[in-house]
Amino acid sequence: MPTITLPPKENALFKRILRCYEHKQYRNGLKFCKQILSNPKFAEHGETLAMKGLTLNCLGKKEEAYELVRRGLRNDLKSHVCWHVYGLLQRSDKKYDEAIKCYRNALKWDKDNLQILRDLSLLQIQMRDLEGYRETRYQLLQLRPAQRASWIGYAVAYHLLEDFEMAAKIVEEFRKTQQTSPDKVDYEYSELLLYQNQVLREAGLYKEALDHLNNYEKQICDKLAVEETRGELLLKLERPEEASQVYRRLQERNPENWAYYQGLERALKPGGIEDRQKIYEEAWVKFPKGLVPRRLPLNFLTGEKFRECLDSYLRLNFSKGCPPVFTTLKSLYTDKDKVSIIEELVVGYETCLKSCRMFNENDDGKEEPPTTLLWVQYFLAQHFDFIGQPILALDYINAAIDSTPTLIELFLIKAKIYKHAGNIKEAARWMDEAQALDTADRFINSKCAKYMLKAGLIKEAEEMCSKFTREGTSAVENLNEMQCMWFQTECALAYKAMNKFGEALKKCHEIERHFVEITDDQFDFHTYCMRKMTLRSYVDLLKLEDVLRQHPFYYKAARTAIQIYLALHDKPLTDDNKESQADTENLTDKELKKLRNKQRRAQKKAQLEEEKKNAEKEKQLKNQKKKKEDDDEEIGGPKEELIPDKLAKPDSPLEEAVKFLIPLKNLVRNQIETHLLAFEIYFRKEKYLLMLQSIKRAVAIEPSNPWLHQCLVRFFKGVSESTDLPEAVRTVLKQEISRLFGESNPQSYNKNFLSQHSNSIPHRLAAAKMMVYLEPSSDKMTCEIATALDESLSGGSIQVCTEVLEALRDGQLGESQQKVAEAYRAACHKLYPYSLAFMPPGYQDNSTNISANGDLSAGEHDDMANEM
């Protein structure tokens, strides 16, 4: 159908529709659409129908919107407006590829339309179609050469394509057009100069970059960035004397910055350890209160010199009362000699401070205040906790608490000690005590909530967080809205531990949605950064977004989701009714009556909770309704609701797991766990080539990993037993298996692995599991291998021993191993007396009831410690 030209009256109305859309006055826009479409001559006017659809889409009426826009497009296929509107609709649905096609069609009928070109360039940069983006920006530059966004966009396109020299030329051409006086402060011009310098550095033109920096130094506002960049460039150009002057100036500006000392070292190139130490000794004189120049030499000094330097560093910190002193020294704990010197020194301090209130009996100095002893005990508690001696750590922290029972940090460390010792419930109790001392401290509140979640106290954790969330909405919803991912990650792990897979998956999907939102939020910055000239930050943002899902929050959520989907594939959830019916058939009348009463009570409790929830929901709905009326501009309508029951019963759990796996395979390929999770998925899908890919990548990272060994043995056995593989696949697998395993069979490969790693508990467990997997009759021998706890064996930890115990109970080390399991539990309990995992069968921890207002329940604080 040809394009209908509207007469002046209707044309004026159509322009008003466009204005209403731009100003988000959607109701008015619909009125004007109705006025045009009610005229029989223009009832099928394509552009008006398209605009009506676009307006309805903004009001959340998606289906009606699509219907109208498609109808408009059918009526006027040669209209750039219809194609543009269809593109906007697709973009609101995040179908970016489709939207780009629509924009390209629109440009066929109006190739110089600025708005369409701008929208197209936004989508191209969002989708990282950099070649297309460069072409579009070139067209925009030709059409609007006077606008600075046209030049900047074109330069950024070359920068992202890594054609740095061309980008630098374009920026230079644009810079020449900017009229600014050298004395005037202009932040945007300053940012442009710094961006130009960054491009020159990335192009490897260090001399030009340095000249550029010297020429325009006066016009750059960020003086610190100028000095830091100058220091780096002088080092690259091998001009160490000038570089050393720059870094000395920077040190005067901030003597606590590690990077400046490292820069100075690179400039001065000290010959040996003595020369290196001299650099820092000069800094001690210059900055007598500086902590960093005293801390950094501890990394390279050894023996007596290390002791002297550490002594002065620790005395300074303990006298001042610096809580994070242990954290600053933690990186030294990889060196056993240094650890023993630290321990010897600080234990000596504690003894002398108790007897004569000085660090050393031979000191002539003044006496130390009582708080110095407190910080020494605080340090020792952390030290012994870190080296795995919780009993000593608790002695020191209890002594500190007795002397100062109002210091929050002490309770924080006590909770940490219990957590590391394996008793998370006691840890949560002490963390609650810490937050009760200062309920207005958000950090302690968050820590306490985290510990409660680790202890499985989800409801209490939500109440704890509600002290700092918005009133009128539930804490969980508000935390989701605020993208509070640490809470959601811990929640997911807590629900997973309770086998509430639906709830756990809901949290994982919420985190996934946050990352999608963060990716979409780039749209707001593509035009803003060009306008405001924050180009360095903009390029950094684009590079960050490319690797966004490397973030630990996403990694944890994805890993949890994959593990749950694997569990659901192995053991899908059945209907509760069937299970409960099967259970009740085996009960006596008395037991049945007891069960019915219990169920009735649980039902009543659930009903009360449901009523409370509904009342809260109603309140929230009212708030949301009000918010919607105020802001009548819901783009693309509401999101699909995440229903736990539905999530826990997916049609294809493995396909859902793959969705979480793909970003990890692309971005977190340096973690062995990524490839082992991939193997677990493909093993269940029986995709042998993908299994091979996963284990080859894992072998390249850590060939002796215990979990990898289990994957290798299962793969070896699976391939040797499979009969229906295509010939080409079988040939490839044969070649690769001979490379990976040599000429051995799975059994001898497993024995070989055990003999190579016979002194490591995790490796012994992996080999024992595979012995049972290959030969179920070998269970007696496997139990002896897995349950050995000699002092000569390495790799023992609460987590590893818990895995061994679970393997004994689950039958992974042979059937009916209950006696062995109980004996192993008792042996572990002696090793780890505080750990809940190894407590005797009848053990009831009565002291762990926590209320979210910070009151500890009945029972002396240290009942448990006394029991030990």
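**Chatting through a helical model**

Visitor: Let's start with Ala-698. Buried or exposed?

Guide: Ala-698 is buried, and its relative accessible area is 0%. Buried means under 20% relative accessible area, exposed means over 50%, and partly exposed is in between (1.4 Å probe, protein chains only).

Visitor: What kind of model is this?

Guide: This is a predicted model, where local features need pLDDT of at least 70 and side-chain atom pairs count only at pLDDT 80 or more, while totals for chains, interfaces and linings use all residues. Residues are numbered from 1 along each chain as its sequence is written, and side-chain values use heavy atoms, with hydrogens and water left out.

Visitor: What's the average pLDDT?

Guide: The chain averages 86, with 91% of the residues scoring at least 70. pLDDT is the predictor's confidence in each residue, from 0 to 100. Residues 628-637 are below 50, and that stretch has 17 contacts in the model beyond near neighbours in sequence. Residues 854-868 are below 50 too, with 31 contacts counted beyond near neighbours in sequence. A contact means heavy atoms within 4.5 Å.

Visitor: Back to Ala-698. Which element is it in, and what does it touch?

Guide: Ala-698 belongs to helix 38 (residues 688-701). Leaving out residues up to four places away in sequence, Ala-698 touches Ile-672, His-675, Leu-676 and Leu-708.

Visitor: How do helix 39 and helix 40 pack?

Guide: Helix 39 (residues 706-721) and helix 40 (residues 727-741) pack at about 140 degrees, with axes 11 Å apart. That angle makes helix 39 oblique to helix 40. The axes are lines fitted to C-alpha atoms, for helices over the stretch in contact, and angles run from 0 to 180 degrees between N-to-C directions. Under 35 degrees counts as roughly parallel, over 145 as roughly antiparallel, 65 to 115 as roughly perpendicular, and the rest as oblique.

Visitor: Which residues make that contact?

Guide: Leu-712, Phe-715, Phe-716 and Val-719 from helix 39, and Arg-730, Leu-733, Ile-737 and Phe-741 from helix 40.

Visitor: Switching to cysteines: how many disulfides does a search find?

Guide: Zero in the whole structure. Cys-58, for one, is in no disulfide, and the nearest cysteine sulfur, in Cys-33, is 12 Å away. A disulfide here is a pair of cysteine sulfur atoms within 2.5 Å.

Visitor: Last topic, backbone. What's phi for Lys-24 and Lys-269?

Guide: Phi of Lys-24 is near 60 degrees, a positive value in a non-glycine residue. Lys-24 lies in the loop between helix 1 (8-22) and helix 2 (26-37). Lys-269 has a positive phi of about 45 degrees.

Visitor: Where's Lys-269 then?

Guide: In the loop between helix 15 (258-268) and helix 16 (273-286). Lys-269 is exposed, at 59% relative accessible area.

Definitions and conventions. Helix = DSSP H or I, 4+ residues; strand = E, 2+ residues; numbered from the N terminus.
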